[in-house]
Amino acid sequence: MAVFVGTCQAQELGYEVSGYSGNVYVYGELVGHLDDTEVEGYLFDPNGKAAYFTGDWIGNGQFEGYDEDNNFYELELQLDDELEDS
């Protein structure tokens, strides 16, 4: 699984994700903390265009939220074997 844990006071978690905003595929890395469901990070489309995402972990490796232009995203955690296939 593509999750990392930092060693600061509030344990920081990182998630490698991919998903969609409408019909646009995106991928990126989100950061959150063990003590809440909020996540944030940058997502990229296949052309390399970046969007700053803020949202929530909603369970079962899924995330939902919006970028700075109010575009809605549905994302999923990428497992190691899925990353190797990309």
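User: Which residues form a nonpolar patch on the surface here?
Analyst: Tyr 20, Tyr 25 and Tyr 27 do, and together they have about 310 Å² of accessible area. A patch takes residues with over 30% relative accessible area and no salt bridge, joining nonpolar side chains (Val, Leu, Ile, Met, Phe, Trp, Tyr) within 5 Å and like charges within 9 Å. A salt bridge, in turn, is a side-chain nitrogen of Lys or Arg within 4 Å of a carboxyl oxygen of Asp or Glu. The areas come from the Shrake-Rupley method with a 1.4 Å probe, and for residues only the protein chains shown count as cover.

User: Is this an experimental structure or a predicted one?
Analyst: This is a predicted model, so local features need pLDDT of at least 70 and side-chain atom pairs count only at pLDDT 80 or more, while totals for chains, interfaces and linings use all residues. Residues are numbered from 1 along each chain as its sequence is written, and side-chain values use heavy atoms, with hydrogens and water left out.

User: What's the mean pLDDT?
Analyst: The protein chain has a mean pLDDT of 87, and 80% of its residues reach 70 or more. pLDDT is the predictor's confidence in each residue, from 0 to 100.

User: And where does it stay under 50?
Analyst: Over residues 4-8, for which the model has nine contacts beyond four places in sequence. Contact means heavy atoms within 4.5 Å. Where pLDDT is low, the predicted coordinates should not be read in detail.

User: OK, bigger picture. How many helices and strands are there?
Analyst: The protein chain has one helix and seven strands. Along the sequence, the order is β-β-β-β-β-β-β-α. Those are DSSP runs numbered from the N terminus: helices are H or I with at least four residues, strands are E with at least two.

User: How much of the chain is buried?
Analyst: Buried residues make up 33% of the 86 residues. Buried means under 20% relative accessible area, exposed means over 50%, and partly exposed is in between (1.4 Å probe, protein chains only).

User: What does Ser 18 touch?
Analyst: Leaving out residues up to four places away in sequence, Ser 18 touches Tyr 25, Val 26, Tyr 27, Glu 74, Leu 75, Glu 76 and Gln 78. Ser 18 lies in strand β2, residues 12-21, and counts as buried because its relative accessibility is 10%. Its side chain also makes a polar contact of 2.7 Å with the side chain of Gln 78. A polar contact is a pair of N or O atoms within 3.5 Å; within protein, one must be able to donate a hydrogen and the other to accept it, and residues adjacent in sequence count only if both atoms are side-chain atoms.

User: New topic: which side chain makes a polar contact with Glu 40?
Analyst: The side chain of Tyr 52, at 2.4 Å. Glu 40 and Tyr 52 are twelve residues apart in sequence, and their C-alpha atoms are 7.5 Å apart. Glu 40 sits in strand β4, residues 38-44, and at 39% relative accessibility it counts as partly exposed.

User: What about Asn 70? Where is it?
Analyst: In the loop between β6 and β7 (72-77). Asn 70 has a positive phi of about 70° although it is not a glycine.
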